[in-house]
Amino acid sequence: MNANQFLKAVSQLQGWRECAFLLALAERSFPNYALFADAVGLKTGAKMRQLLDQAWEMLQESAAETTVPKLLTRLESLSPDVEAYDAYGVYPAFDFCQLLEQALLNRLNPSKHRATEASQLATGTVMTFIELSEGEDLDEGELVRLLDSHPLMKEDKAFQRDLVLALKRQRTPVEEFIDGIREDAANEGVSNLGVSL
């Protein structure tokens, strides 16, 4: 699957498939939030984990109309203010919150496509991390080569591509399929930035 085929496949995701894609991207980046919250002494990691779990559970069942707005309000209260912190870690943490928000908004308004933007956001988190950690003195050409060959970028691409393919092949969101993609996304607690809890 080349880049154009991937983008096309992502743009065609709808309904539960799109929601599962968004949740899986959020799941993969959850450790970025949890580590940041821990590092700055916020006691929000467990609450956010609970919120993410609830969002996954909603994929299997139809949620009451009032449930999603409540979860969105909770998410807002747990999201870090990027202006308030001087640490780089606030950005990947906030990116996670945006991914989870997209998954919840998908439940509220399934007709608006969100997967393409979310896919780019998740990849952007990885790119920025590599640029900051290894790309400081590189010119543009060197940076492009670094990003192309970087294991984290390759992993992100492979993860998203495999996820889209699995979703396209699956006819219904049966529990064991959803559990499988959730486990893959969780990646034994290692995030898309290669950091673990």
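## Close-up views of a predicted model

**View 1. Thr116 in helix H6.** Let's start with Thr116, which lies in helix H6. Keep in mind that this is a predicted model. Which residues does Thr116 touch, once its neighbours within four places in sequence are left aside? They are Leu7, Val10 and Ser11.

View 2. Glu176 sits in helix H9, which covers residues 175–186. Is Glu176 buried or exposed? Its relative accessible area is 70%, and over 50% counts as exposed, so Glu176 is exposed. From Glu176 to His113 you would count 63 residues in sequence, and the C-alpha to C-alpha distance is 26 Å.

**View 3. The two sides of helix H7.** Look for Leu143, Leu146 and Leu147 here: these are the buried residues of H7. Why do they end up on the same side of H7? They cover an arc of only 95° around the axis, so they share one side of the helix. The general idea is that an α-helix has 3.6 residues a turn, so residues three or four places apart point the same way. What covers the buried residues of H7? The cover includes H6 and H8. At the start of H7, check out Asp139: one of its side-chain oxygens comes to within 3.0 Å of the backbone nitrogen of Gly141.

**View 4. His150, between two helices.** His150 is found in the loop between helix H7 (140–149) and helix H8 (151–169). Its relative accessibility is 8%, and anything under 20% is called buried, so His150 counts as buried. The side chain of His150 is joined to that of Glu134 by a polar contact of 2.8 Å. A polar atom of the His150 side chain also lies 3.0 Å from the backbone nitrogen of Leu152. Setting aside neighbours within four places in sequence, the residues in contact with His150 are Ile130 and Glu134.

**View 5. The largest pocket.** Next comes an open space, with a volume of about 330 Å³. Its lining has 13 residues, and those closest to the centre are Ala3, Phe6, Leu7, Thr123 and Lys157. Helix H1 (3–11), helix H6 (115–134) and H8 are the elements that each give two or more residues to this lining. Which element gives the most to the lining of the largest pocket? That would be H8, with 5 residues. Sorted by class, the lining of the largest pocket has 5 nonpolar, 5 polar and 3 charged residues.

**View 6. The largest cavity.** The largest cavity holds about 40 Å³ of space. Around it you'll find Arg28, Leu152, Glu155, Asp156, Phe159 and Asn192. H8 turns up again here, supplying the largest share of the cavity lining, 4 residues.

Terms used
Residues are numbered from 1 along each chain as its sequence is written. This is a predicted model: local features need pLDDT of at least 70, side-chain atom pairs count only at pLDDT 80 or more; totals for chains, interfaces and linings use all residues. Side-chain values use heavy atoms; hydrogens and water are left out. Buried means under 20% relative accessible area, exposed over 50%, partly exposed in between (1.4 Å probe, protein chains only). A polar contact is a pair of N or O atoms within 3.5 Å; within protein, one must be able to donate a hydrogen and the other to accept it, and residues adjacent in sequence count only if both atoms are side-chain atoms. Contact means heavy atoms within 4.5 Å. On a 1 Å grid over the protein atoms alone, a cavity is a set of points where a 1.4 Å probe fits but cannot get out, and a pocket is an open set with protein on both sides within 12 Å along at least five of seven lines; lining residues have an atom within 4 Å of a point. Grid points are joined across faces, edges and corners, and a volume is the space filled by probe spheres set on the points. Ala, Val, Leu, Ile, Met, Phe, Trp, Tyr, Cys and Pro count as nonpolar, Asp, Glu, Lys and Arg as charged, and the others, Gly among them, as polar. The arc is that of the directions from the helix axis to the C-beta atoms.
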